[in-house]
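Hi there,

Here is the structure I promised to pass on to you. Please have it open while you read the notes below.

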Amino acid sequence: MIYFDKVSKVYPGDVVALADLSFAIEPGEFVSVVGHSGSGKTTLIKMILAEDVPSMGQVFFESSDIHKLNHKELPKLRRRIGSVFQDFRLLPNKTVYENIAFTMEAAGRTDEEIASDVPHVLELVGLGNKLWSFPRELSGGERQRVAIARAIVNQPDLLIADEPTGNLDPLNANDIIQIFKKINDIGTTVLLATHDKGIIDSLGRRVLTLENGRLIRDNKQGRYVL
Ligand code: ADP
Ligand code: MG
């Protein structure tokens, strides 16, 4: 589904964020990218979301070179990817329901679909009773669950999460990881970037380890050794 072919990213000032990175992610996999802060995890994700371009090499989504897509094809690709970030990125003046409805409207979904899917997706993340709350009325863990519901409501093929547990305590972090597992079990490919060793070791799925932008380990057994 995703294929990195000898990808390097050098930022101005000779900062090597990614160095000659090659790997593939197959449909249905749950892959974690781990490494210390500054090892290149966010840069790797930006390459897939086309928020930044590689200095060398190519990034493919299925058979398409992401960085060669035109202005019509790129939005189509982005709709196939759901994303979740450390800081939740919810709209503060909208309710939980409206935050998710907004994303569905942008994707051209009908009012009927919105009315039936929003409660359903919130049920899936365990927030069926928070439809009319505002983000400020929710805990960090609940906010992240809204963000996850929003990321999956349009049924993306790939869910990307960049440090989704960075602002959460260990208990809430574990809940979030269990939700990702559930989403993966129903067929969505998941790519999780984190520097949190604890959550990775309990996950038992494939782990890619980055060090100074290099892929130093690709462990199918899912242990984070640094
Ligand atoms: P991580 O997400 O693993 O913490 P990043 O991908 O954010 O790592 O960063 C990798 C390296 O690239 C770091 O040295 C960081 O300082 C540098 N970097 C990231 N973004 C930029 C940028 N826009 N300009 C310059 N350097 C950057
Ligand atoms: Mg990062």
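What follows is a short tour, from the whole chain to the ligand site and then to a few single residues.

First, some housekeeping. This is a predicted model, in which local features need pLDDT of at least 70 and side-chain atom pairs count only at pLDDT 80 or more, while totals for chains, interfaces and linings use all residues. Residues are numbered from 1 along each chain as its sequence is written, chains are lettered from A and ligands numbered from 1 in the order in which they are written, and side-chain values use heavy atoms, with hydrogens and water left out.

**The chain as a whole**

The secondary structure comes to seven helices and 10 strands (DSSP runs numbered from the N terminus: H or I of at least four residues for helices, E of at least two for strands). The radius of gyration is 17 Å, which agrees with the value near 17 Å for a compact globule of 226 residues (taken over C-alpha atoms; the globule rule is 2.2 Å times the number of residues to the power 0.38). Along the principal axes, the C-alpha atoms fill a box of roughly 45 × 40 × 35 Å. Of the 226 residues, 49% count as buried (buried means under 20% relative accessible area, exposed over 50%, partly exposed in between, with a 1.4 Å probe and protein chains only). Among contacts between residues at least 6 apart in sequence, 66% join residues at least 24 apart (contact means heavy atoms within 4.5 Å).

**Around ligand 1**

A polar side-chain atom of Thr 43 lies 2.5 Å from a ligand oxygen. For Gly 40, a backbone N or O atom is 3.0 Å from a ligand oxygen, and for Ser 39 a polar backbone atom is 3.2 Å from one. The protein covers 62% of the 560 Å² of accessible area that ligand 1 has on its own (Shrake-Rupley method, 1.4 Å probe).

Ser 8 sits in strand β1 (residues 2-11) and is buried, with a relative accessible area of 9%. Leaving aside neighbours within four places in sequence, Ser 8 is in contact with Leu 18, Ala 19, Asp 20, Pro 54, Ser 55 and Met 56.

Glu 26 is in the loop between β2 and β3 (30-34) and is partly exposed, at 45% relative accessible area. With neighbours within four places set aside, Glu 26 contacts Met 1 and Thr 189.

In helix α3 (residues 96-106), Val 96, Tyr 97, Asn 99, Ile 100, Ala 101 and Met 104 are buried. The buried residues of α3 pack against α4 (111-124) and α5 (140-152). After α3 comes Gly 108, with a positive phi near 80 degrees.

Best wishes

Key:
Polar contact = N/O pair within 3.5 Å; in protein donor to acceptor, adjacent residues only side chain to side chain.
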